[in-house]
Amino acid sequence: MTANPVASHPNPRGYPSTSTHSGPLSEESTLASLTEALLAEVPTLQRTDPVARPDVDDHALVRLVNHIIAAALEHDASDLHIEPQPEELHVRIRRDGILHPLVNLPTTVARAFIARLKIMGNLDIAERRLPQDGRVTFEHEGASVDLRISTLPTLHGEKAVLRLLKRADVIPGLEQLGFLDDTLTMLRSMIARPHGLLLMTGPTGSGKSFTAFSILKALATPSVNILTIEDPVEYQLPSLQQTQVNTKAGLTFARALRAFLRQDPDIILVGEIRDAETAQIALEAAMTGHLVLATLHTNDAPSAVTRLTELGVERFQLASALIGVIAQRLVRAPCSACGTDSRRDPKQRPFPFSQAHVDFATMEQPIQVSSDACRSCGGSGFRGRRPLHEVLEVNDEIEESILKGESAREIRRAAREAGMRTLREDGLIKAEQGRVVAADVMAMTTQR
């Protein structure tokens with residue numbers, strides 16, 4: 001068993017390590033004693049299988065699993081990875097978008113560990129050949145945290161990933177989402193419209209759903225009926241009527257949307273537009289008096305138009321219904337406890353800053369300057385992530401471009417002339433303000 005949070009594992013992307021994280025796993029004696037007790041239980045667990053009855057809270061296995069989940073939560077992790085290897089069971093956390101080793105456990109506990117997670121998520125512990133998905137509510141420091149559990153068979157055994165979902169009560173208001181002032185004004189103007197389609201785009205894990213729910217939180221009043229269809233439901237808000245996709249039962253995005261239109265909705269959230277049928281119904285809803293929010297996977301805002309037309313949406317429908325597109329990325333934020341503004345040698349920068357039209361020789365980069373490990377960020381110099389935004393608001397010229405079937409490049413040109421900033425430009429402004437680090441902006445965006 002190796003209780004060595006990050007330092008012994010080189011980071012292939014060159015980011016600072018976080019080997020001195022504080023939290024439960026910094027106390028190696030606690031983890032070692034739990035693991036020793038679990039190893040003593042393993043023969044019994046392997047004979048009885050099913051393992052660790054869920055009502056036996058003092059079981060060493062239960063305590064160890066709870067201990068590791070609690071550690072992930074205290075490190076502000078977004079995901080917890082349990083990965084079987086030939087010699088060890090690797091446990092890693094994703095913090096600020098980057099995976100960090102948390103602890104390595106003996107491989108003899110792997111099967112029991114995964115089985116315990118399955119019990120927590122009401123999964124079939126006897127099924128090891130197929131992927132499974134579940135959900136559990138975990139109590140931590142007097143609060144309930146939702147965990148989404150996914151298992152996957154691999155060469156060396158089953159792997160599990162736990163998505164640690166933020167509670168609905170921590171969803172921020174629009175002014176806390178990190179928009180620049182003029183961009184926020186544009187967003188407020190778009191969501192004030194009574195009907196139309198507003199898209200959130202970006203890769204997986206870019207915060208699209210978080211932005212969508214912040215918008216819904218701003219719009220939710222007793223006078224409106226808000227319906228959502230999601231896969232899965234991540235944030236539960238009391239003022240919304242939320243439905244989860246159930247493909248086994250035949251409840252798809254498209255089928256739910258059709259039912260929504262008979263439920264007298266004012267606002268509809270489509271968790272993701274994946275196919276032509278869903279896209280078509282979402283457009284029809286937006287054209288018949290409803291405000292529709294939806295997420296889509298594209299690299300930037302103008303490409304959302306191209307993507308929908310590729311799905312078969314008629315250009316005249318899209319031009320009429322589309323309000324705007326919000327593209328975003330998440331980049332690491334400097335730690336407010338130990339970071340400072342300090343000039344960094346341009347030769348030390350790992351990315352080609354010359355691609356951006358910015359004088360980086362004079363830009364101040366927030367970096368860690370203290371040699372002591374910061375308890376807030378674990379000595380990495382970073383704490384949390386902040387979004388970069390690219391907001392396209394449809395005006396007459398862009399509407400005309402959509403009707404003509406012009407390319408994403410032409411739509412981008414029209415949007416730029418109307419004042420749209422690209423993701424990189426938005427990020428560089430925020431880097432100058434000290435909100436993010438320019439190196440991360442350059443790594444996560446492209447010049448357009």
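Colleague: Which residue in β3 is the bridge partner of I93?
Modeller: The partner of I93 in β3 is H100. This is a predicted model, where local features need pLDDT of at least 70, side-chain atom pairs count only at pLDDT 80 or more, and totals for chains, interfaces and linings use all residues. Residues are numbered from 1 along each chain as its sequence is written, and side-chain values use heavy atoms, with hydrogens and water left out.

Colleague: How many bridges join β2 to β3?
Modeller: Eight, and the two strands run antiparallel. β2 covers residues 88–95. Strands here are DSSP runs of E with at least two residues, helices are runs of H or I with at least four, and both are numbered from the N terminus.

Colleague: What is the strand order in the open sheet of six strands?
Modeller: The order is β3-β2-β1-β6-β5-β4, with antiparallel pairing. Two strands pair if DSSP finds at least two bridges between them. The edge strands are β3 (98–106) and β4, each pairing on one side only. On average, neighbouring strands of this sheet are turned by 20° against each other, direction ignored.

Colleague: Which strands does helix α2 lie across?
Modeller: Helix α2 (residues 60–74) lies across β1 (79–84), β2, β3, β4, β5 and β6, and runs at about 80° to β4. Axes are lines fitted to C-alpha atoms, for helices over the stretch in contact (heavy atoms within 4.5 Å). Angles run from 0 to 180 degrees between N-to-C directions.

Colleague: And what angle does α3 make to β6?
Modeller: About 45°. Helix α3 (residues 110–120) also lies across β1, β2, β3, β4 and β5.

Colleague: Changing topic: is I226 buried or exposed?
Modeller: I226 has 1% relative accessibility, so I226 counts as buried. Buried means under 20% relative accessible area, exposed over 50% and partly exposed in between, using a 1.4 Å probe and protein chains only. I226 is in strand β8 (residues 226–230).

Colleague: What is I226 in contact with, leaving aside neighbours within four places in sequence?
Modeller: L216, L219, A220, L240, Q241 and I267. V292 is 66 residues from I226 in sequence, with a C-alpha to C-alpha distance of 9.8 Å.

Colleague: Where is T183 found?
Modeller: T183 is in helix α4 (residues 181–191). T183 counts as buried because its relative accessibility is 8%. Apart from neighbours within four places in sequence, T183 is in contact with V391 and R421.
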